[in-house]
Amino acid sequence: MKYREVILALVILFAGTVMAMSAGNARSETEHNHHHHTMADASAHQSSAASYDIPDVRLVDAGGMTISLREVLDGNEPVLLNFIFTSCTAVCPVMSATFSQVQEQLGDEAGGVRMVSISIDPENDTPARLREYASRFGAGPQWRMLTGSTEDSIAVQRAFGAFRGDKMNHEPATYLHTGGPEKSWVRLDGLTSASDIIKTYRELAAH
Amino acid sequence: MLSAWLLLTALVHPAHAGVPPDDESAGKRIYREGMLPSGEPLRGTLQNGVELSGSAAACAVCHRRSGLGGGEGQNSVRPIAGRLLFAPALIQSSSDQASPAQASSARTRPRYTLDALARALRDGVDPSGRLLDALMPRYRLNDDEVRQLAAYLQQLAPRQAPGVTGSEIHFATVIAPGVKPTQEKAMLDVLQAFFAAKNGGTRQEQRRREIGRNVTGSEQMYRAYRKWQLHVWRLRGQPESWPAQLQDYYREQPVFAVLSGIAAGSWQPVHEFCERNEVPCLFPNIGFPAVAQTGYSSFYFSRGAVLEAEVLAKHLAGGVVGRDNNIVQVFRDDASGRAPAQALRAALRQRGIDTVVDRPLSGSVPVPESFWIRLLDGDRPETLILWLNDADIAKFPLQREVPLSLHGLYVSGSLVASPERLQQVGGWIGRVRCVDQLEQAGLRTQHMTRMNTWLRARNVLLADEHIQANTFFAAGIAGDALAHMDENFSRDYFIERIEHMTGQSLFHSVYPRLSLGPGQRFASKGGYVTGCMLKGGHRAALQSNWIVP
């Protein structure tokens, strides 16, 4: 158990360093106007490992069903999680389009992955609005959109170190969990590409 | 006859199929809807490989209708309105900020040309050769489409909006007929005090602007300063005649925005005026907002009694009543009475309860006690809901013995101004409930302290806390939004600032929590079921948590 955690931390550290380095390179190259490298500045994101205490809150899914967040996240299938709100203009549509692409690229495998998007504007994001949002991004049955009370949404955001005081200040992040009793999560900060999410997911699944 | 025919073809012409739209309107569709002139969706690819198309790829998603951008978190979205895009700009991009070494190095970006715009759109590179933010997609656009988009950007966010001159910014407030003089005064007192304070606090800005120009050779500082002017638009007669009256006022003195306002009944004609002229209309004191569809220019505190109906439905269906409960609702058979009644029926049906009996009241005659006795004895309701005002329920027989069948009597907190008059005696105690959207008494008193102190210091009579707090909020949020806009007097940008700032405002209204986001127009989204206000201003215990339907 301990050994696994150390290995996991090393993998993440290494991946994070490589990504940070490549992001740094891309930046210094653009300083010198190397335009042919423009597409190389793909997702500049940072990866880190963390352990989160999931608060014992009841949230509501797009079907209007009240469910325990702990129950949603318990279980053996891997979890991909992010925070969104349906009227968000810049960041969330991109994060949701990314999840949509992850779902597509995983193909049949997607059925074994639990994707969870939690609203940070729960009073406006009623189950009906979540349904409309889910269909806008072609969310399959394995991708659940959750809302609830403002207090509970904030408690969850705080638990994941994602609370920024106001929904308009939120920052893009994707959280991955192997499933099972493992408490550790991998957090990808920034606009992560679908392929990077899948790559991290596979690395986690291999352990 | 011929001239009439010519007029008709002129009107029909723009929409005629096969006629190519001009560049600006083609550009507008690309910008706002993500729709190319060919009818194909606009397509773009983000740097991380994510594909966007159609409305999700539209420029307005991030740059917003104003074209002045904004941002969420660390991702800043640059302004792209023509006068800023086609001129050199000082740039501090978010990717620059990510590196501490470059944090203070703002740089000048050369002006965009049509070719440079094409390169930015297709390759994500700005005229100085820098990569654009990770959120900016690479678009598949041909030369014609880039030109059309440029034509639209060119006229976006002009420096001067209606109601703004070089030295003044004009606002109006609207007073509908039938409002009590005390309520009208309560609102106007706050607005006038706010405008006086605003102009008093900045009365030296004109002079500073002159000095600033002499000393620094620029108008950089203080140039956004404008004197605030308030115009009171009083409406007369029937609502059918209001559109013409509003249009006359507006023609005589264009205003940048309408702040607050007050009406005893319908607000629909004012709503339509605001939407038609794209005049931002902020947070009026009204009971019946236009809720049939969310507008663009009109902002409201809440959806009024319709919201209360949905709150009540969720409360009742959440274990208070069963599926066979005999629910009777009484309402005035007009637009404002039917709206909550229909909302309650629909929301209960959605939750599997379909036993609601409607008892509409036609005409405007007072409701006699005999009506209530007939209703209680005849319908034998278990749950009785009244979408009525104080006058309509004045004769409700609360002194009579409670019918055995009746478990709960519910009244609307927004329609009944004095619920304490529903004196609960004998068996009625604990059976009368209010559906209330307001901050509960204790917290509300705390939150009103700042406003009350501010008003008292300006010799404003504290006459009506509800109206004055809401008016103070409307004026305050307008001031905050304008302060953020610098000299970009764009109404779209004003609206976008209000969407952003409402949830963070330091001004308190009488609602417990207000919040908006892009496209959201109703700031308070829930309510409570309470035991109603009792005599002496004391409130009975809450019967529910904060309910968001």
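What you're looking at is a predicted model, where local features need pLDDT of at least 70, side-chain atom pairs count only at pLDDT 80 or more, and totals for chains, interfaces and linings use all residues. Residues are numbered from 1 along each chain as its sequence is written, while chains are lettered from A and ligands numbered from 1 in the order in which they are written.

Select β1 of chain B, residues 43–45. Click B:R43 and look across: B:S53 in β2(B) stands opposite. Now widen the view to the open sheet of 3 strands, ordered β2-β1-β7 in chain B with antiparallel pairing. At its edges are β2 (51–53) and β7 (138–139), each pairing on one side only.

Zoom out to chain B as a whole. You'll find 17 helices and 18 strands. Of its 549 residues, 42% are buried, meaning that 20 or more other C-beta atoms, placed from the backbone, lie within 10 Å of the residue's own.

Next, select helix α12 of chain B, residues 305–320. How many of its 16 residues are buried? The count is 12, so to speak a mostly covered helix. Among them are B:A305, B:E308 and B:L316. Finish by showing what these buried residues pack against: α13 (335–350), β15 (383–387), β16 (408–412), β17 (432–436) and β18 (528–530), again in chain B.

Terms used. Helices (H or I, at least four residues) and strands (E, at least two) are DSSP runs, numbered from the N terminus. Two residues are in contact if their C-beta atoms, placed from the backbone, lie within 7 Å. Two strands pair if DSSP finds at least two bridges between them.
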